[in-house]
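Here's a quick briefing to read alongside the structure.

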Amino acid sequence: MLSLCDLCVSVAKQEIFDIMDLEQTIAELELGLPPAADAGFLGSRLDPAQAALLLLPVPWEATVSYGRGTARGPEAIRLASHQLDLEDPAFGQPYHAGIVDLPPIDGIEALNRQAIPLVQEVVAALETGKPPPAALDRVNAIGAEVNQRVRSAAEALLEQNRLIGLVGGDHSCPFGLIQALAQRHPDGFGVLHIDAHHDLRHAFEGFTWSHASIFRNVMARIPQVIRLTQVAIRDYSREEAEYARALDERNRTFYAADLFRRKAVGETFHAIAQDIIQSLPEKVYISFDIDGLDPPYCPHTGTPVPGGLSFDEAGYLLEQLAASGRRIIGFDLCEVAPADNDEWDANVGARILYKLCGATLRGNGLC
Ligand SMILES: [Mn+2]
């Protein structure tokens with residue numbers, strides 16, 4: 001198992017930057033100078049041992065079904081975050097608690113490169129009506145290996161009582177983190193899932209660990225997830241809607257069309273946000289697919305769908321969740337896909353990531 005110290009050593013080995021303690025980091029960040037290109041999230045060069053919240057990059061996108069690029073999300077978000085100002089109107093100074101990104105989990109990039117041609121082989125067979133080739137089993141085995149590596153890395157950090165924010169990658173990435181949290185929280189927790197999609201498909205295109213199946217896998221395999229609250233959903237199959245209904249008390253879906261209808265007849269977004277939050281138990285994990293936002297905020301994400309939350313609505317929901325006294329036990333941000341010569345997706349992604357950090361730290365009394 002990877003310990004936090006191993007992770008620190010691997011940071012040092014990469015010689016990414018001169019590591020600083022928390023006091024030095026805060027002082028440097030507050031100088032407001034442009035960070036070195038190799039500095040971490042927000043420009044931080046914080047020693048991971050002193051961070052309350054660690055960001056875990058997972059550059060994996062093998063089973064994406066439409067547009068590619070999300071494997072480059074973590075790196076693009078890190079660079080875009082160097083442009084952010086550090087004061088957050090809702091959460092104050094989240095950086096005072098110590099936030100830093102770790103290097104990508106070992107081996108994930110190689111597994112991603114290995115899986116992509118195999119996925120293409122499977123999809124080509126599917127499109128021509130041929131039976132699935134042997135490559136399908138290999139892709140599923142690689143997906144299981146990714147889950148295992150994410151889980152091991154998460155377990156090592158949770159052992160040290162660190163908060164974790166996973167940065168994808170496609171939306172299959174957080175399964176291992178949710179497993180690790182389930183082990184730490186046998187009494188159960190809820191998931192606030194912001195997304196255009198239910199992600200409740202059974203083995204989409206044959207891929208057990210597809211991005212489109214993440215919450216099917218979570219609900220079928222992780223009983224500690226006692227409530228899945230899905231928000232801004234607007235593109236889904238009949239099978240998924242039926243599966244969501246069959247989850248009964250374990251699911252509450254706030255479809256985008258219903259959110260709009262409620263606003264159209266004058267209900268405030270504040271009231272809607274309270275309704276969403278009240279559906280969640282005391283402990284909450286947040287899973288944020290950037291395509292839950294309206295596509296002008298994320299034009300290059302893999303499966304954009306018109307409609308969805310505005311940036312301010314998403315921020316307000318996170319602010320109100322943290323203010324509700326619920327404990328936020330971790331989060332992921334997935335499907336941010338940078339385009340060449342266009343920083344916009346990464347810019348918005350970095351800002352949502354900082355909001356997620358702020359809400360999580362506030363929800364733990366740390367900012
Ligand atoms: Mn998703």
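Start in the middle: the largest nonpolar core holds 105 residues, and L56, I99, L333 and L356 make the most contacts inside it. Helix 12 is the top contributor to this core, supplying 10 residues. Keep in mind that this is a predicted model.

**The core and its surroundings**
- In soluble globular proteins, nonpolar side chains tend to be buried together.

**Helix 12**
- You'll find helix 12 at residues 344–362, which makes 19 residues.
- From its first C-alpha to its last, helix 12 reaches 27 Å, close to the 27 Å expected at 1.5 Å a residue.
- How many of the 19 residues in helix 12 are buried? The count is 18, so to speak a mostly covered helix.

- The protein has an open sheet of 8 strands, in the order 2-1-3-8-7-4-5-6, with parallel pairing.
- Going from one strand to the next, the twist averages 15°.
- Strand 3 (residues 163–168) pairs with strand 8 (residues 327–334) in the parallel sense, over 3 bridges.
- If you want a spot to look at in that pairing, L166 stands opposite D332 in strand 8.
- Helix 3 (residues 73–81) packs on the sheet, where it touches strand 1 (53–58), strand 2 and strand 3. The direction of helix 3 makes about 110° with that of strand 3.

**The whole protein**
- Tally up the secondary structure and you get 12 helices and 8 strands.
- The radius of gyration is 19 Å, close to the 21 Å that the globule rule gives for 367 residues, so the protein is as compact as a globular protein of that length.
- Taken along the principal axes, the C-alpha atoms fill a box of roughly 60 × 50 × 45 Å.
- Of the 367 residues, 51% are buried.
- Among contacts with a separation of 6 or more, 78% come from residues 24 or more positions apart.

Conventions:
Residues are numbered from 1 along each chain as its sequence is written. This is a predicted model: local features need pLDDT of at least 70, side-chain atom pairs count only at pLDDT 80 or more; totals for chains, interfaces and linings use all residues. Helices (H or I, at least four residues) and strands (E, at least two) are DSSP runs, numbered from the N terminus. The expected span of a helix is 1.5 Å times one less than its number of residues. A residue is buried if 20 or more other C-beta atoms lie within 10 Å of its own, exposed if 12 or fewer, and partly exposed in between; C-beta atoms are placed from the backbone. A nonpolar core is a set of buried Ala, Val, Leu, Ile, Met, Phe, Trp, Tyr and Cys residues joined through C-beta atoms within 7 Å. Two strands pair if DSSP finds at least two bridges between them. Axes are lines fitted to C-alpha atoms, for helices over the stretch in contact, and angles run from 0 to 180 degrees between N-to-C directions. Two residues are in contact if their C-beta atoms, placed from the backbone, lie within 7 Å. The radius of gyration is taken over C-alpha atoms; the globule rule is 2.2 Å times the number of residues to the power 0.38.
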